[in-house]
Number of protein chains: 2
Amino acid sequence: MHVLILGAAGMIGRKLTARLLKEQRIGSREISKLTLHDVVMPQTPANAPFSVSASASDFSMPGEAEKLIAAKPDMIFHLAAIVSGEAEADLDKGYRINLDGTRFLLDAIKKIGDGYKPRVVFTSSIAVFGAPFPDAIGDEFFETPLTSYGTQKAMGELMLADYSRRGILEGVGIRLPTICVRPGKPNKAASGFFSNIIREPLNGEDATLPVSEDVRHWHASPRSAIGFLMHAATIDITKLNNRINLSMPGLSVTVGEQIAGLERVAGKNVTKRIRREPDQTIMRIVSGWPRNFDTSRAKSLGFTTAEETFDDIVKLHIEDELQGNFVA
Amino acid sequence: MHVLILGAAGMIGRKLTARLLKEQRIGSREISKLTLHDVVMPQTPANAPFSVSASASDFSMPGEAEKLIAAKPDMIFHLAAIVSGEAEADLDKGYRINLDGTRFLLDAIKKIGDGYKPRVVFTSSIAVFGAPFPDAIGDEFFETPLTSYGTQKAMGELMLADYSRRGILEGVGIRLPTICVRPGKPNKAASGFFSNIIREPLNGEDATLPVSEDVRHWHASPRSAIGFLMHAATIDITKLNNRINLSMPGLSVTVGEQIAGLERVAGKNVTKRIRREPDQTIMRIVSGWPRNFDTSRAKSLGFTTAEETFDDIVKLHIEDELQGNFVA
């Protein structure tokens, strides 16, 4: 099968690429070709066991999606988006990339029109939900996003479901928890500290904690995220009954529980590197974010996390990103 | 104040126009100018107490919304849409008119950019919900439309809420129940029979009932619909807390209860004109429609219906459309 990854240069895209190269199949189907696309050129792996091509373009420009879909990929992972902060700062750009980009993709698939019906796995976000929340956000809770990014993801979910219902494609939308521990450098995303306070101390670096320890949030490891994508690619679509957009399982933990987990795994010397520097702006932003979910539906459909506790999340990070070593 | 009605030539648009001409104000603000727009030329009333202008164009063509918004109307009723059946039959047309049209309107408002911030009242639909349903659809139930029309309305709701949250406009989206009794001729809409079985017998004509009498549905009179629009135009937007899209109150009644109401108001001779002709296609379509709502939120915000029973709906129809007379 021919697999296309949109947004292949991002963190999830690179990890998904690595997983596909390793497994060489999705479910029972062998991968014959992999196409990577992003706005910046994705790296192509050396010694791949199947043909890998890469291209870079602005996917939200008319005609770009058609070019990618002309080869009729069987499996499309649509991870391309601009992030929350940028979509909030630039309204037009957010709608152009996050909404129009998705729409161009769906319409390009429709235009083929010869019975072509690919699986499209779309990464949505828990940002489709907006406070106030119930104790745990259930599978039938309404979407009232409080960011333009969340709005654009919610609109994409709806359109994907409509095109899927009409038989144009097989859509599955998965709302990823905040990915923790996110590898790489600290970034300016308001959510960055959830990962920074684990990753940086393990590297021997100080990290800043801008909120209080009782802040609760919804996490999953990068390994879980890739597992969700792989499962969404093979799930029996008829079991979804047109309700194709699903909140993924995760862990609801407080910042205090994150730090306690880090301490159990890596010791007090490591957690000492976390510096409390309260930031009212970040506190206010984070107070509008989901804290906990009831993901019964996704679980009953076979979506599972790679971790059971936050300690596991710390251990997976050390294993997957640090070759088993950290600065004690 | 300057009022703009988009979709002014439709049934709701004409009734809203008549109401504005009669009241000459919305809340405490006097109407100084009324602009009517539709894809076909709306009728302009003779002897209007304020300036009324009308125009016709395809609102979903780039540039058309800008022309209408250039005059900076203070109050915009956005009723323009193609209906469910047409949006399902012509996918591109549905997205163009129901989604792009709404987006062009919102972006035209944004482009003014001098502090202009009109109230925008958007008519959404209970078609944003899709079966299976709880006994009564509550204010926090999720939107999983099973038609492209419902999808486009749900996407419009989201975008309206985002632009409202960002301070570009004051948005209120109202999900109207099925309007019953809909005046005019029988049409081919799958929902047409809910009105046909009341209106046609009162005119001395036979009507066809394609479903069984235990089919339950959600109704409001045309007079209620206009009342919802008027209330949405004046409601304190800050009370909505960014959750600006609301299911409107209505009556949940079975077809059997509709017929019993008609019989109580108009007699057995009238209900004898209803002919049972089961239609499997219509039955299947209707089985996916909402049957009942819990509209606590709208009620607490002051939205009220003009009727308390289905008998009232029949009486309102005789009063508003038949000058008090029917064919007994």
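**Notes on a predicted two-chain model**

1. Let's start where the chains meet. The contact draws on 20 residues from chain A and 20 residues from chain B. On the chain A side, the largest share comes from helix α5 (residues 148-165) of chain A, which supplies nine residues. Sorted by class, the side of chain A that touches chain B holds nine nonpolar, five polar and six charged residues. Please keep in mind as you read on that this is a predicted model.

2. Next, helix α5 of chain B, which covers residues 148-165. Of the 18 residues in α5(B), 17 are buried, which means that the helix is largely enclosed by the rest of the structure. If you look at the backbone just after α5(B), you will find G167(B) with a positive phi of about 80°.

3. Now for the overall build of chain A. This chain has twelve helices and 14 strands. For 328 residues, a compact globule would have a radius of gyration near 20 Å; the 19 Å of chain A agrees with that. Taken along the principal axes, the C-alpha atoms fill a box of roughly 60 × 45 × 40 Å. Buried residues account for 49% of the 328 residues in chain A. Among contacts in chain A with a separation of 6 or more, 77% join residues 24 or more positions apart.

4. What is the strand order of the open sheet in chain A? Seven strands form this sheet, running β5-β4-β1-β6-β7-β8-β12, with parallel pairing. At the edges stand β5 (51-56) and β12 (245-247) of chain A; each has a single partner strand, so one side of each is left without a neighbour in the sheet. On average, neighbouring strands are turned by 15° against each other, direction ignored. Helix α1 (residues 11-23) of chain A packs on this sheet, where it touches β1 (2-6), β4 (33-38), β6 (75-78) and β7 of chain A. The direction of α1 makes about 160° with that of β1(A).

5. Strand β7 (residues 119-125) and strand β8 (residues 170-176) of chain A run parallel and are joined by seven bridges.

6. Staying with β8(A), are its residues buried or exposed? Seven of the seven are buried, so the strand is largely enclosed by the rest of the structure. E170(A), V172(A), I174(A) and L176(A) point one way from the strand, while G171(A), G173(A) and R175(A) point the other way. Note that E170(A) and R175(A) are among the buried residues here.

7. Finally, a loop residue for contrast. E277(A) sits in the loop between β14 (274-276) and α10 (280-287) of chain A. Why does E277(A) count as exposed? Because its C-beta neighbours inside 10 Å number 12, and a residue with 12 or fewer is classed as exposed. Leaving aside residues up to four places away in sequence, E277(A) touches T208(A), L209(A) and P210(A). The C-alpha atoms of E277(A) and T208(A) are separated by 6.2 Å, although these residues are 69 residues apart along the chain.

Terms used. Residues are numbered from 1 along each chain as its sequence is written. Chains are lettered from A and ligands numbered from 1 in the order in which they are written. This is a predicted model: local features need pLDDT of at least 70, side-chain atom pairs count only at pLDDT 80 or more; totals for chains, interfaces and linings use all residues. Helices (H or I, at least four residues) and strands (E, at least two) are DSSP runs, numbered from the N terminus. The expected span of a helix is 1.5 Å times one less than its number of residues. A residue is buried if 20 or more other C-beta atoms lie within 10 Å of its own, exposed if 12 or fewer, and partly exposed in between; C-beta atoms are placed from the backbone. Two residues are in contact if their C-beta atoms, placed from the backbone, lie within 7 Å. Ala, Val, Leu, Ile, Met, Phe, Trp, Tyr, Cys and Pro count as nonpolar, Asp, Glu, Lys and Arg as charged, and the others, Gly among them, as polar. The radius of gyration is taken over C-alpha atoms; the globule rule is 2.2 Å times the number of residues to the power 0.38. Two strands pair if DSSP finds at least two bridges between them. Axes are lines fitted to C-alpha atoms, for helices over the stretch in contact, and angles run from 0 to 180 degrees between N-to-C directions.
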